[in-house]
Amino acid sequence: MLDDILDYTKNIRQRPVWQPIPDEVRQRFRSAIPVQASSLAEVHREFMQYILPFAAGNVHPGFMGWVHGGGTPVGMLAEMLAAGLNANLGGRDQIPIEVERQVARWMRAIFGFPESAAGLFVTGTSMANFIAVVVARDAELGCDVRREGMAARPMRLTAYASTAVHGCVGKAMDLCGFGSDALRLVPTDSRRRIDLIALQNAISKDREAGFHPFLLVGTAGTVDTGAIDDLARLAELARSEKLWFHIDGAYGALARLAPDLAPKLRGIERADSLAFDFHKWGQVPYDAGFLLVRDGALQKNAFAASSSYLRRETRGLAAGSPWPCDYGPDLSRGFRALKTWFTLKVYGTEALGAVISRTCALARYLQHRITSTPELELLAPVELNIVCFRYRADDANRVNRRIVVELQESGSVAPSTTVIDGQLAIRAAIVNHRTGQREIDSLVDTTLALGRNLTNANLANAKVRAPQPIAADTLPRVRWETELHQLESQLQSDPDSVDLRFRRAFLLLELGRPVDARNDYIKVLQALERQPYHVAALNNLGRTLVATGHRSAARLAYKEAVARHPSDLPSRINLGMSLFEESEMLEAQEKTAEAQQLMREARDHFEHALRLRADHEKAHEGLSYVLGHLGKSEKAAWHRRQAFQNRYIIPLPYRGRHSPVPVLMLSSTTGGNVHLQKFLHDQVFHTFVVLPEFYDVNTPLPAHQLVVNGIGDAEMSAGALTAAQSLLALTTAPVLNSPVAVLATSRSNNAKRLSLLPGVVTPLTVTLPRERLCDSNAATTLAGHGFGFPLLLRAPGFHTGLHFLQVDNFEGLPAALAELPGRELIVMQYLDARGADGKTRKYRVMLVDGQIFPLHVAISSHWKIHYFTAEMADNPENRAEDAAFLEDMPAVLGPLAMNALKQIQSTLALDYAGIDFGLNAKGEVLLFEANATMVVNPPEPDERWKYRRPAYDQIRRAVQRMLIERSRATQLRGPLMAAAST
């Protein structure tokens, strides 16, 4: 039996979240009470067949309905032990009551309550709220009300809570004799918190009308949206108005365990009473509610009663007074405290707090997916772990109600519904510690598919367009070659024509002959003394010089264009882009001052262009890059919208002689893109760059045979990746590098999941807010996460060693923080990859279509290695070691490391990726980085690097072979026929 239930929780993902109960199963539970005995095995079989499969499913990671915790095996086993003890915790002198008292002491400490506070386990927050109202009533009216009743008290007492308060508070007012109308429901503000001005007005109005306010109920995590009232200001108001301040913290109160969320609960320590559940965010099995009352004597006065059969003694089993039954209505009480005690002891508050933080992070991830998907609408702010949204439709309430039922009956995910401002919402409450991104993605993707099916959205665009043969004479390359032949005939008779020479240079560049094009543009420029108006020649010369690798010369051409034509927009944009790219290269070489100067110049040119034309999209684009690099994220986001909101599909030129292979390349506007474009040869592939963050689903996708996800940075481009995953619902074409798989490659996530692989050593990696590293408790924070010195600090979203520092001791931390940009920083354990010679070796391998290819090893005396600029160019011995690695990778790395790399590749599940790593003395892989952003650059045209060419060519051929084979696997496709085929 124990094995069966443990297997159930272990393999829960293989089961549906929930499934409808067949009539024949339901009928089995309407039979008469058994008279004869049955064997335990037979009854257990009945449980396994007819009860276990038809539970609500809150153990399942896909359960997001209401606010139910997922439970743990630890709690389950503790519940079994409690059942074995069969202890009644109503009273008497027994250790189980001491366990409950210990948990109460822990809760007093966590929530900042005094030693005089009383704590009591109850079924749940509904009962805890009821007990709190009773205590508040008796504190206001005196204990005689217990004997005399409410009728003896002429005062008309009133209580106050927001319209978002849980319904059980109204029930408590009813049960206490006030009537539910005595609970005044106060409107909420834009964040769904109680409106403080409206609250003050309601209290004042009631006092003027002769009512007697006595109770104020604040909510820490409203049931609909997870909103948290301003508890600190409510506490002030309660004190000034002399009201009992009670907080319903059913699930939100335990956010106090999460350092990043605890500030949201400021003021909770000032409550007169606090109700919450361990069986929600605490992950304790049902049921385990709890109540804290600041003045335990008041609680005892409200419930204690003398009975001859409950006589107390100072010795013996009847000792140990006061008993729990003196603090609530129950005399028969189970050992709820044991499973809570076990959970806190086994996991600790740090791990539970991390789970709570993670569920809120998943909620933010869901929020990003919703806000980046035009078909979906967010209906309420996301404060904690509850997300309310809907599918946009004409008959939205009907459609979304149907979507939720279909989701639940599908067994994949199970959200619930609520009503927000009259609109029916899909409500996802992410509470279960097992829930991950795959369940969030399933919720969004299935919602979109169901919504489209129900509304016939995009039906007109859903037809797969059959491939149309392209006539040879309509292909751009054929037209260009024909025109070039005619131009060359004309140039023979007019060799000094600037216009003919300029057009010839343009055609040569389009035909893939950049060197010839460069020579013709130079001839054009030589004629500029006679025709200085030819600004396009300067810009196209710059473009050609970039194509031939002469970036500095290109920048000079753009500068000349700006100098001659200061109001020419393309010249400004080209020069700005050139300066920005050069500044990035200088930063990578740690030439900070020079880089900053170029960045300022680039910004000036983009801003000048926008003064010339405020709606120039390329100028907005360039300025967004600069501002993003400078850490001005909000301004950068605004300029990105101006740049791309109407420019989200960008076709690139096709230069082939035959019908192209059409490909969608998904790219992020915030950077972090994979350098795969170089492999999509423009004489084979016609590439359409699609920007998922801004893509309008009402625009048909271009016909395509393959989707290449070019977004590779999980930290910099999480929003673009979530939008990309949503966009994929519109196509059935093969996809290279699933956005979901890329999202899982953040440094912190890789450090956790890859550390479990044999032969892999990952650095402890945590992303922390800058303020936590700057405050006086920074040393404690770092030590609490397990960090010692030296450690590494990195700004998210940067590569090539940029904004990546080693901190040798705590004293060096402030200086390092001053150098790094960003609101958050990645803290990493330093892995020592030095060999016997004291030098660090950093290997890079590329993962392509299931194969592992060596790219290079860099060797340096410094811990941070820049490829191609390490101690390689002037060190033949290091280059020989590099060559040996490229020639026989398994022999150099050894079997342990090779197996580890294979395990990493399998875990990443990416079609194209790279791994940077070192080796320790055991031959284990010291993982530095593993993701899709790795660059594969051809060797420099220098005899010293000739030995690297075969390795580069091998990778290039593997990538191109993968692209061709995947594109041939399917017919040409337009958007998915989702609605038409289901």
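Helices are DSSP runs of H or I with at least four residues, numbered from the N terminus. Helix H24, residues 718-727, contains glutamine 725. The structure is a predicted model.

**Glutamine 725**
- Glutamine 725 has a relative accessible area of 13%, and because buried means under 20%, this residue of helix H24 counts as buried.
- Beyond its neighbours within four places in sequence, glutamine 725 is in contact with Arg369, Asp441, Asp445, Ser738, Pro739 and Val740.

**Open sheet**
- Five strands form an open sheet with mixed pairing, in the order S12-S14-S13-S15-S16.
- Strands S12 (649-651) and S16 (735-736) are at the edges; each has a single partner strand, so one side of each has no neighbour in the sheet.
- Strand S13 (residues 661-666) and strand S15 (residues 706-709) run parallel and are joined by 4 bridges.
- Leucine 664 has valine 707, in S15, as its bridge partner.

**Nonpolar surface patch**
- Leu2, Leu77, Met80 and Leu81 make a nonpolar surface patch of about 330 Å².
- Helix H4 (residues 73-85) gives the largest share of this patch, with 3 residues.
- Methionine 80 is located in helix H4.
- The relative accessibility of methionine 80 is 45%, so the residue counts as partly exposed; patch residues need over 30% relative accessible area.

**Cysteines and disulfides**
- A disulfide is a covalent bond between the sulfur atoms of two cysteines.
- The search of the whole structure returns 0 disulfides, where the cut-off for a pair of cysteine sulfur atoms is within 2.5 Å.
- For cysteine 176, the closest cysteine sulfur belongs to cysteine 168 at 12 Å, which is too far for a bond.
- Cysteine 176 is buried, with a relative accessibility of 4%.
- For cysteine 388, the closest cysteine sulfur is that of cysteine 360, and the 14 Å between the two sulfurs is too far for a bond.
- Cysteine 388 is also buried, at 1% relative accessibility.

Conventions. Residues are numbered from 1 along each chain as its sequence is written. This is a predicted model: local features need pLDDT of at least 70, side-chain atom pairs count only at pLDDT 80 or more; totals for chains, interfaces and linings use all residues. Side-chain values use heavy atoms; hydrogens and water are left out. Two strands pair if DSSP finds at least two bridges between them. Helices (H or I, at least four residues) and strands (E, at least two) are DSSP runs, numbered from the N terminus. Buried means under 20% relative accessible area, exposed over 50%, partly exposed in between (1.4 Å probe, protein chains only). Contact means heavy atoms within 4.5 Å. Patches are made of residues with over 30% relative accessible area and no salt bridge: like charges are joined within 9 Å, nonpolar side chains (Val, Leu, Ile, Met, Phe, Trp, Tyr) within 5 Å. Accessible areas come from the Shrake-Rupley method with a 1.4 Å probe; for residues, only the protein chains shown count as cover. A salt bridge is a side-chain nitrogen of Lys or Arg within 4 Å of a carboxyl oxygen of Asp or Glu.
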